[in-house]
Amino acid sequence: MPIAPHRLLGFAFASADLLLEVDGAGKIVFAIGAAAVVAGNGELSLIGHPLADFVEPDDLPLAQALFSGVESGSRQGPVAIRLAAAAGGRAEAFALSACMLPQNAGVISCAAVRCAAPQAGSADGGLFDRHEFENIAKTLFETGRATGQALELAFVEMDGLLNAERALAPARRKDFKSQVAGVLKAQSHGGAAAAKLDDERYALVRPSGEASDALTRRVSKLMSVVAAGAEIKVGAHTMELKGDVAPSQMVKALRYALDDFIETGIAATTPLTLQEAVGESVRHTLAKASALGAAVSEKRFQLVYQPVVTLKTGALHHHEVLVRFGEDASPFPMIRMAEELDLIEELDLAVARQAADQMLADSKLKLAVNLSGRTIVSPGFIAQATAMLNEKPALKHRMLFEITESAAIEDMGLANKHIQTLRGLGCKVCLDDFGAGAASLAYLQQLHLDLVKIDGRYIRELQHGGRESTFIRHLVQMCAELGVQTVAEMVETTSSEDAVRQAGVDFGQGYLYGAPAPKPEQPIDRRGPPAARRVGAVDSWG
């Protein structure tokens, strides 16, 4: 028995707050439901207007990609898009689904349901970065398993994308990145689960059930519009996110799969299921653990040294010790791996001992070494550090420990107890990268420290004034009231140096004074202000 049109409309409206039909030119030709939320008036006030007029500008690329990806007989979405009144009304988020019925002459039918505002990532066009994506994917995996929703991880490669971007005028590139992000987000779960891994490689979490070649075809079609005339070869591969695995196993499997994709690309064989990825991850982890353990125990790493100066005088205060593995310019992947494999304490101790040998060879040298949040709560590390400092009293008052936020401190009381032990031995203790992690204020409140190092992203923007300037001024004032000194990292220009000095920051570190070097060196002599600059001199710890 055929279903009457009014009954179909009733079914649709029962599950949506707003129903729309949009023609091939993007204009609304039919509307019923919560039109007042969008337009401020009834449904007739929407008809004849482009849907784009009611979409928040930041979400417009996503909406355009959603509609452009709909083919006859197919359905796209839902994706979370913010709709607002054309006259400047308050934006409200809707989960928007779109379909094209074959008998409807190219008109796209849309159902909109109120939802929470989408979370934006920090990468280009609101995409997530690698770290953000891991957290989102873990949350979606757990939610999907609880609700029975089948999800998959999709890898998308766009060979030639970087060349297409470079061929554009600089003023056009931001819009281009937003359009690319819109294409990718439109394929993801809720329009808000896409990540940029590198210049041409992306990852998505999305509902499962569609073949990877269909995803490849649709993204290729959309990119042919976004990058008209450019040669971009799209490839996609999918991996099911299901199986009886613990969330911690899922994260490790996800990291393995992402690492494998970044390193080898779509062409290489990658796991087809989460269970396969778990198995590969275990084998890969064991191999990495063996190699990293050998590198740490055999001290197959290098130390480099970057100067830290007293801003009032320009004199050298101390050097920070940074660890490097092989040709890798950034130690972060190895540090994270060492934390995951429970090798970070051994690495931190090896670096501290090597730094101690350097200080014993040079009686004027003062060094700061990094400690993971996991290391500072280890009684074993504190016992060995105490023995080292007691056996070599010449190190006291010359060694500083910087606690990093790469791993969270799990026991604040124990951490503070260990910090006071180190301070009692004559060592200063600094909280590194303040402002980079959500726990920074809690750390400052519960740990008794000597210094706080302000995260470099605030320093880079400080010279421009605004919120960063206000944040740092209040932070410096708060630290001064607590008897804690401050260090600004990533001081790269004279204007940023002037800004941090005016804000009352005590010490500066960055390429303005010198890059990390194989040997401790004096700060660069710029012979500029302040007039009291004493390059070559060394300030005391006070």
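This is a predicted model: local features need pLDDT of at least 70, side-chain atom pairs count only at pLDDT 80 or more; totals for chains, interfaces and linings use all residues.
Student: Where is H319 found, and is it buried or exposed?

Tutor: H319 is found in strand 11, residues 316–324. The cut-off for buried is under 20% relative accessible area. H319 has 2% relative accessibility, so it counts as buried.

Student: How are two packed helices described?

Tutor: Take helix 6 (residues 170–185) and helix 7. Their axes come within 10 Å and cross at roughly 165°. That makes helix 6 roughly antiparallel to helix 7. The crossing of this pair is right-handed.

Student: Which residues of helix 6 and helix 7 meet?

Tutor: Helix 6 brings R172, F176, Q179, V180 and V183. Helix 7 brings V219, L222, M223 and V226. By class, the contact has seven nonpolar, one polar and one charged residues.

Student: Which residues in helix 7 are buried?

Tutor: The buried residues are A214, L215, T216, R218, V219, L222, M223 and V226.

Student: What does helix 7 reach from its first C-alpha to its last?

Tutor: Helix 7 covers residues 212–226, which is 15 residues. It reaches 21 Å, close to the 21 Å expected at 1.5 Å a residue.

Student: At what angle do helix 3 and helix 6 cross?

Tutor: Helix 3, residues 60–68, crosses helix 6 at roughly 50°. The two axes come within 7 Å. Helix 3 and helix 6 are therefore oblique to each other. Their crossing is right-handed. P61, L62 and A65 of helix 3 make the contact with S178, Q179, G182, V183 and K185 of helix 6. Those residues divide into four nonpolar, three polar and one charged.

Student: Now the backbone. Which residues does a cis peptide bond join?

Tutor: The bond joins G77 and P78, with omega about 5°. P78 lies in strand 3, residues 75–83.

Student: What is phi of H397, and what of D433?

Tutor: Phi of H397 is near 70°, a positive value in a residue other than glycine. H397 sits in the loop between helix 12 (379–391) and strand 13 (399–403). At 52% relative accessibility, H397 counts as exposed. Phi of D433 is near 55°, again positive in a residue other than glycine. D433 belongs to strand 14, residues 428–434. At 22% relative accessibility, D433 counts as partly exposed.

Terms used: Residues are numbered from 1 along each chain as its sequence is written. Side-chain values use heavy atoms; hydrogens and water are left out. Helices (H or I, at least four residues) and strands (E, at least two) are DSSP runs, numbered from the N terminus. The expected span of a helix is 1.5 Å times one less than its number of residues. Buried means under 20% relative accessible area, exposed over 50%, partly exposed in between (1.4 Å probe, protein chains only). Axes are lines fitted to C-alpha atoms, for helices over the stretch in contact, and angles run from 0 to 180 degrees between N-to-C directions. Angles under 35 degrees count as roughly parallel, over 145 as roughly antiparallel, 65 to 115 as roughly perpendicular and the rest as oblique. A crossing is left-handed if the near helix is turned anticlockwise from the far one by less than a right angle, and right-handed if clockwise. Contact means heavy atoms within 4.5 Å. Ala, Val, Leu, Ile, Met, Phe, Trp, Tyr, Cys and Pro count as nonpolar, Asp, Glu, Lys and Arg as charged, and the others, Gly among them, as polar.
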